[in-house]
Amino acid sequence: MRNRFDRQLTELNNEMIAMGVQISRAINYAINALLSQNTEKAKEAITYDEEIDQKEREIENLCLKLLLSQQPVARDLRQISAALKMITDMERVGDHAADISEIALHLAGEPYISHLGHIEQMAKKTSVMLMDCMQAYVDKDIKKAVEIIRSDDVIDDLFLKVRSELVDLIRADANNADQAEDLLMVAKYFERIGDHATNIAEWVIFSITGEHLKGDEAIRRMEEGTITAGFGD
């Protein structure tokens, strides 16, 4: 019975990795649609969100099956309950990628008022953060999860740079205001994706330790060396 349960836990890990790949791909679709101003890519990115929603439902059903199949030990309960929390944030990432693609569709064919380098950096960084979250979850790697939380500062700094650049462009020419608002919203969506990655990393830590530590506390505890694996390991 336990062997079957362990196989299902392995399946859960694989499905979490698969959803991580999906949301990272969604981010890549969205930023490529924005950079290339390709309406077909933008539409493809928007419809891709449906696949992410379906994957969320599949993982949710698998988690419920695991919970009902037998009495899981503490370690199992942490892993399953963390997965249920994580997929909620992951699904929101898919929504934000679709939102970015909607803006890309709106801006297609319109010359950009600014180089999108910092926004592209935000996309790349958040994509890496999300895949690292999945790897940390599967590997039970507390250190990696804390490093992901630290990485959110990079996203926040990039957002502030984008905002400052766009404000300067509006001040220079009020005609830039409409597009600047759209591009600022894109940056804001990426900033939110960074926040979701941080939330996911916090649940990864919970899955290992049994403690739901918020970002700054997790960093502090890591520096103090007081984060340990929870009961049942």
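Reader: What pattern does the protein chain follow, read along the sequence?
Author: This is a predicted model. The chain holds seven helices and zero strands. Read along the sequence, its pattern is α-α-α-α-α-α-α.

Reader: Why is the protein chain called as compact as a globular protein of its length?
Author: The globule rule gives 17 Å for 233 residues. The radius of gyration here is close to that, so the chain is as compact as a globular protein of that length. Its value is 19 Å.

Reader: Which element gives the largest share of the largest nonpolar core?
Author: This core has 70 residues. Elements that give two or more residues to it include helix H1 (2-36), helix H3 (74-107) and helix H6 (177-209). The largest share is 15 residues, and it comes from H6.

Reader: Which residues does methionine 16 touch, not counting those up to four places away in sequence?
Author: Met16 is among the residues with the most contacts inside the largest core. Leu12 and Phe190 are also among them. Leaving out residues up to four places away, Met16 touches Ile59, Ala83, Met86, Ile87, Met90, Met134 and Tyr137.

Reader: How many cavities of 30 Å³ or more does the structure hold, and what is the volume of the largest cavity?
Author: The structure holds one cavity of 30 Å³ or more. The largest cavity has a volume of about 60 Å³.

Reader: Which elements give two or more residues to the lining of the largest cavity?
Author: The lining includes Ser114, His118, Ile119, Val162 and Glu165. Its residues divide into five nonpolar, four polar and one charged. The elements that give two or more are H4 and H5.

Key. Residues are numbered from 1 along each chain as its sequence is written. This is a predicted model: local features need pLDDT of at least 70, side-chain atom pairs count only at pLDDT 80 or more; totals for chains, interfaces and linings use all residues. Side-chain values use heavy atoms; hydrogens and water are left out. A nonpolar core is a set of buried Ala, Val, Leu, Ile, Met, Phe, Trp, Tyr and Cys residues joined through side-chain atoms within 4.5 Å. Buried means under 20% relative accessible area, exposed over 50%, partly exposed in between (1.4 Å probe, protein chains only). Helices (H or I, at least four residues) and strands (E, at least two) are DSSP runs, numbered from the N terminus. Contact means heavy atoms within 4.5 Å. On a 1 Å grid over the protein atoms alone, a cavity is a set of points where a 1.4 Å probe fits but cannot get out, and a pocket is an open set with protein on both sides within 12 Å along at least five of seven lines; lining residues have an atom within 4 Å of a point. Grid points are joined across faces, edges and corners, and a volume is the space filled by probe spheres set on the points. Ala, Val, Leu, Ile, Met, Phe, Trp, Tyr, Cys and Pro count as nonpolar, Asp, Glu, Lys and Arg as charged, and the others, Gly among them, as polar. The radius of gyration is taken over C-alpha atoms; the globule rule is 2.2 Å times the number of residues to the power 0.38.
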